[in-house]
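Colleague: I am new to this structure and would like to go through it with you, one question at a time.

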Amino acid sequence: KTFLGQYTWPVVRDLVDTIITIDEPAIAQATKLVWSRLKLCIEPSAGVGVALVLSDEFKTKFPPSLYPRVGVILCGGNIDLQKIATKLFSTP
């Protein structure tokens with residue numbers, strides 16, 4: 001979860017048209033998917049973007065026929081491998 005601060009909120013309020021929320025299990029699944037299929041060690045915050053583009057809500061609002069290419073930034077610099085591996089692979 002994140003909260004918008006005094007500098008971020010005006011930008012979001014004025015420039016963002018759509019907000020889609022993703023739940024924790026979807027983030028964990030997306031992170032596991034990237035780890036296992038792409039062999040990239042991403043942090044869960046990067047899993048948010050992956051979970052989003054895989055969600056039905058995103059596909060409905062932004063159909064692939066109109067938006068054939070979507071970019072997701074993947075990062076992994078803020079990760080404790082032992083903690084995240086235990087957390088990710090202990091969930092179904």
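Colleague: How many helices and strands does the secondary structure of the protein chain come to?

Modeller: This is a predicted model, in which local features need pLDDT of at least 70, side-chain atom pairs count only at pLDDT 80 or more, and totals for chains, interfaces and linings use all residues. Residues are numbered from 1 along each chain as its sequence is written, and side-chain values use heavy atoms, with hydrogens and water left out. Helices (H or I, at least four residues) and strands (E, at least two) are DSSP runs, numbered from the N terminus. From that end the elements run α-α-α-α-α, and the count comes to 5 helices and 0 strands.

Colleague: Where do the buried residues of α3 lie, seen down its axis, and against which element do they pack?

Modeller: Buried means under 20% relative accessible area, exposed over 50%, and partly exposed in between (1.4 Å probe, protein chains only). In helix α3, residues 44-54, the buried residues are Ala46, Gly47, Val50 and Ala51. Seen down the axis of α3, they fall within an arc of 145° (taken from the directions from the helix axis to the C-beta atoms), so they line one face of the helix. The element they pack against is α2 (24-38).

Colleague: Is Tyr67 buried, partly exposed or exposed?

Modeller: Tyr67 has its place in the loop between α4 (56-61) and α5 (81-89). Its relative accessibility is 42%, and Tyr67 therefore counts as partly exposed.

Definitions and conventions
Contact = heavy atoms within 4.5 Å.
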